[in-house]
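The following paragraphs lead through one protein model, from its overall arrangement to individual side chains. Please keep the sequence and the coordinates in view while reading.

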Amino acid sequence: MSARPVRRRQTIFVGSKIRQLRKERSLTQAELAQRIGVQQSDLCRMENGEYKVSLDTLFKILGVFGIDIGEFFREDPATAGPADREREVLRLFGRLDSTTQEEA
């Protein structure tokens, strides 16, 4: 089996994960692109799996999202085990402002 299809799937996975995280945080492509110092068109190509994301760019994106590389590549919390889901709930709870935390 050629390494090319594997790399293509990886590029598509990384791009779709970036899109998912960006949308979860209600950021536009233009906003995220500006924060990480790339053109919006390049970010679009990254999200579509047409353009490989450099490690430097990936770390900038992770910084904007406030996650580490392990969290980025971890499976979806909906399919994760109970401990993973609890950590995800706590992480999201911690991002809320104090008033919203009290209401929750």
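The protein has seven helices and zero strands, where helices (H or I, at least four residues) and strands (E, at least two) are DSSP runs numbered from the N terminus. Along the sequence the pattern therefore reads α-α-α-α-α-α-α. This is a predicted model, in which local features need pLDDT of at least 70 and side-chain atom pairs count only at pLDDT 80 or more, whereas totals for chains, interfaces and linings use all residues. Residues are numbered from 1 along each chain as its sequence is written, and side-chain values use heavy atoms, with hydrogens and water left out.

Of the 104 residues in the protein, 27% are buried; buried means under 20% relative accessible area, exposed over 50%, and partly exposed in between (1.4 Å probe, protein chains only). The accessible surface of the protein comes to about 7000 Å², and carbon and sulfur atoms account for 52% of this surface. These areas come from the Shrake-Rupley method with a 1.4 Å probe, and for residues only the protein chains shown count as cover. Among contacts between residues at least 6 apart in sequence, 54% join residues at least 24 apart, a contact being heavy atoms within 4.5 Å.

The interior comes next. In soluble globular proteins, nonpolar side chains tend to be buried together. A nonpolar core is here a set of buried Ala, Val, Leu, Ile, Met, Phe, Trp, Tyr and Cys residues joined through side-chain atoms within 4.5 Å. The largest such core has 16 residues, of which Ile 18, Leu 32, Val 53, Phe 65 and Phe 72 touch the most other members. Helices α1 (3-24), α2, α3 and α4 (55-65) each supply at least two residues of this core, and the largest share, four residues, comes from α4. Apart from neighbours within four places in sequence, Phe 72 is in contact with Val 14, Lys 17, Ile 18, Leu 21, Leu 58, Leu 62 and Ile 67.

In α2 (residues 29-36), the buried residues are Gln 29, Leu 32, Ala 33 and Ile 36. Seen down the axis of α2, they fall within an arc of 100°, so they line one face of the helix; the arc is that of the directions from the helix axis to the C-beta atoms. On the other side of α2, Gln 34 and Arg 35 are exposed. Gly 37 follows α2 and has a positive phi, near 80°.

In helix α3 (residues 40-47), Leu 43, Met 46 and Glu 47 are buried. Because these residues cover an arc of only 95° around the axis, they lie on the same side of α3. Just after α3, Gly 49 takes a positive phi of about 75°.

The side chain of Glu 47 makes a polar contact with that of Gln 29 (2.8 Å). A polar contact is a pair of N or O atoms within 3.5 Å; within protein, one must be able to donate a hydrogen and the other to accept it, and residues adjacent in sequence count only if both atoms are side-chain atoms. Not counting residues up to four places away in sequence, Glu 47 touches Gly 15, Ser 16, Ile 18, Arg 19, Arg 22 and Gln 29.

Ser 16 lies in helix α1 and is partly exposed, with a relative accessible area of 36%. A polar atom of the Ser 16 side chain lies 3.0 Å from the backbone oxygen of Phe 13. Ser 16 and Asn 48 are 32 residues apart in sequence and 6.9 Å apart in space, C-alpha to C-alpha.
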